[in-house]
Amino acid sequence: MLDFTSNITCLSELEIPAKIDFKIAFEKSRAPSKKYAINQDSGLVLDTVGKDFTCVSHGDFFRNILKTVSDNLEPSDIENAKPVWNTGRNGGFAMLDLRLPDMKTTIVSENITTEIGNRIIALHGVDGLCSNQTHFGAIDYFCTNGMIIGKHTNVKKKNTKGFSLESFISELKRTRSMFY
């Protein structure tokens, strides 16, 4: 069952909500090709993952994303940032939707009015069901149901034994500078 919540909003210096800032541990399972991904703080088993699965914690992932954003945008672009945090699968999934309202425009047509603006959507999974993803650019503010509309780019890497957070962040920096 998905425990998706959309009322967790972090307003003070883009801190990671405590609910998703936990360490990940792994334990061997009875199946030789699998292991358990565990919330180390609560002891809750999040899911069974492949024996070669590796990941970083939500906190480490999002702190690096936020540092990259801060380092690559002007302070005036991020001072009114509106972060919205969503979680699912007992903390196995987390999402940051960071809207930058100082970098948006309203589009009005005969049938619809919508806002397009600079937006960063970062998804992260520690339960084997979501790869590391960051989408950024001029994205419609309408929804986050998987249909991201606008001029944007993304960085996406699976949590395999070769995953490196440093490599992911380096790719994010390179791709972001090419977009702007």
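Good morning. Let me begin with Arg63, which is partly exposed, at a relative accessible area of 39%.

Eight salt bridges are present in the structure. Which residues does Arg63 pair with? One partner is Asp21, with the closest N and O atoms 3.1 Å apart. That pair connects distant parts of the chain: Arg63 belongs to helix α1, while Asp21 sits in the loop between β1 (5-8) and β2, 42 residues apart. Asp21 has a relative accessible area of 29%, so it is classed as partly exposed.

Another partner is Asp60, where the closest N and O atoms are 3.6 Å apart. Here both residues lie in helix α1, three residues apart, or about one turn of the helix. Asp60 is likewise partly exposed, at 37% relative accessibility. Taken together, Asp21, Asp60 and Arg63 are linked in a network of salt bridges.

Is His58 buried or exposed? Its relative accessible area is 1%, and therefore His58 counts as buried, the limit being under 20%. The side chain of His58 makes a polar contact with the side chain of His124, at 2.8 Å. Setting aside neighbours within four places in sequence, the contacts of His58 include Ile20, Phe22, Phe93, Gly125 and Val126.

Phe93 has Gly125, in β7, as its bridge partner. The strands concerned, β6 and β7, run antiparallel and are joined by twelve bridges. They form a hairpin, with four residues between them.

What does the side chain of Arg89 meet in a salt bridge? The partner is Asp127, at 2.6 Å from N to O. This pair, too, links distant parts of the chain: Arg89 is in the loop between β5 (82-88) and β6 (93-108), and Asp127 is in the loop between β7 (113-125) and β8 (132-140), 38 residues apart.

Finally, I turn to a separate topic, an open sheet of three strands. Its order is β2-β3-β4, and the pairing is antiparallel. The edge strands, each pairing on one side only, are β2 (24-28) and β4 (45-50). Neighbouring strands of this sheet are turned by 30° against each other on average, with direction ignored. Between β3, residues 34-39, and β4 there are five bridges. Within that pairing, Ile38 stands opposite Val45 in β4. In a regular strand, side chains alternate between the two faces of the sheet.

To close, I would return you to two places in the predicted model: the salt-bridge network of Asp21, Asp60 and Arg63, and the side-chain polar contact between His58 and His124. Thank you.

How values were computed: Residues numbered from 1 in each chain as written. Predicted model: local features only at pLDDT ≥ 70, side-chain atom pairs only at ≥ 80, totals over all residues. Heavy atoms only, no water. Pairing = 2+ DSSP bridges. Helix = DSSP H or I, 4+ residues; strand = E, 2+ residues; numbered from the N terminus. Axes fitted to C-alpha atoms, helices over the stretch in contact; angles between N-to-C directions. Buried < 20%, exposed > 50% of the residue type's maximum accessible area, 1.4 Å probe, protein only. Polar contact = N/O pair within 3.5 Å; in protein donor to acceptor, adjacent residues only side chain to side chain. Contact = heavy atoms within 4.5 Å. Salt bridge = Lys/Arg side-chain N within 4 Å of Asp/Glu carboxyl O.
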